[in-house]
Amino acid sequence: MSLQEIIGIVFIFIGVFFSAIGTLGVIRLPDVYTRLHASGKVSTLGLVGLLAGTAVLMPQTTIKMLVLALFMVITAPVASHAIASAAYHLGIKPKAQRDDLAHRRGTPTPVVNGE
Amino acid sequence: MLIYAFLALPLAAIWMAISNQITVQSFTLGYTASILTLTAMQPRVVTLDWRCIPDQITALVIYIVRLFVDVVLSGIEVTGRILSPDMRLKPGIVAIPTYDGTANSVVIALSANSITLTPGELVVETEHNNLMYVHALDVEDSAQNAPGEQKARLSLLYRIIGEDCR
């Protein structure tokens with residue numbers, strides 16, 4: 001096995017590890033909001049690892065993988081935020097020690113006039 | 001108009017990279033589509049000025065590198081919590097000021113995006129009074145550190161949209 005293959009396989013293992021941990025986190029963590037931390041962040045890192053591994057194993061796809069990773073990293077938080085916001089406006093109570101947003105829980109999602 | 005012709009160049013390059021065809025046809029297609037998209041979008045919230053573009057691009061590259069570093073750090077941090085027996089959880093929602101006097105929608109969106117990628121924090125809601133409501137895995141920690149981090153982030157974001165340049 002060449003060095004390139006070893007590095008690529010290590011990256012892919014890292015990606016698989018974090019994807020699995022992300023799934024484990026969704027099961028272990030106590031409520032919607034904490035679960036989003038696991039699915040949003042850890043799984044994104046897992047995906048980035050898989051893309052990096054692919055880029056090393058198939059060098060002709062490097063730029064494509066870089067662009068894909070960038071799109072993933074920019075859009076993943078949007079999905080987490082949308083789910084968290086929707087859950088909050090539905091009135092799902094977080095297991096929280098402190099909640100500065102309590103006055104808005106269960107109110108309809110605000111319609112914002114964007115620029 | 002002329003500035004769109006310049007901004008379409010990197011977009012055409014990205015198109016060539018994604019389609020994996022570095023040919024004249026692929027460039028022409030990407031370039032035409034980019035100019036049409038830019039004309040349709042009219043990105044007004046970002047300053048478009050020849051003098052500002054080098055600094056804006058530098059700031060954007062720094063921002064993207066930091067984004068990737070944040071993804072790795074926060075992934076490892078949350079993994080540590082998931083794998084520890086009691087998960088060391090002190091969850092809660094804290095209000096964090098954006099410190100953004102101009103209330104620029106690009107700045108708010110990018111702030112919320114990068115806060116969601118910092119370790120253990122997730123934006124639940126933003127409000128018109130320049131507050132972001134952040135769900136944190138460790139409330140006290142976040143309430144202490146996040147406002148400072150946001151202040152530091154803001155100057156970089158102002159450089160990206162070219163606020164100082166205007």
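Modeller: Val42(A), Val48(A), Leu51(A) and Ala52(A) touch the most other members of the largest nonpolar core, which has 22 residues. Helix 2 of chain A (32-57) gives ten residues, the most of any element. This is a predicted model: local features need pLDDT of at least 70, side-chain atom pairs pLDDT 80 or more, while totals for chains, interfaces and linings use all residues. Residues are numbered from 1 along each chain as its sequence is written, with chains lettered from A and ligands numbered from 1 in the order written.

Biologist: What makes a set of residues a nonpolar core?
Modeller: Its members are buried Ala, Val, Leu, Ile, Met, Phe, Trp, Tyr and Cys residues joined through C-beta atoms within 7 Å. Buried means 20 or more other C-beta atoms within 10 Å of the residue's own, with C-beta atoms placed from the backbone; 12 or fewer is exposed, and in between is partly exposed.

Biologist: Which residues of helix 1 of chain A are buried?
Modeller: Gly8(A), Phe11(A), Gly15(A), Phe18(A), Ile21(A), Gly22(A) and Gly25(A). Their cover includes helix 2 of chain A and helix 3 of chain B.

Biologist: Why are helix 1 and helix 2 of chain A called roughly antiparallel?
Modeller: They pack at about 165 degrees, axes 7 Å apart. Roughly antiparallel means over 145 degrees (under 35 is roughly parallel, 65 to 115 roughly perpendicular, the rest oblique), so helix 1 of chain A counts as roughly antiparallel to helix 2 of chain A.

How values were computed: Helix = DSSP H or I, 4+ residues; strand = E, 2+ residues; numbered from the N terminus. Contact = placed C-beta atoms within 7 Å. Axes fitted to C-alpha atoms, helices over the stretch in contact; angles between N-to-C directions.
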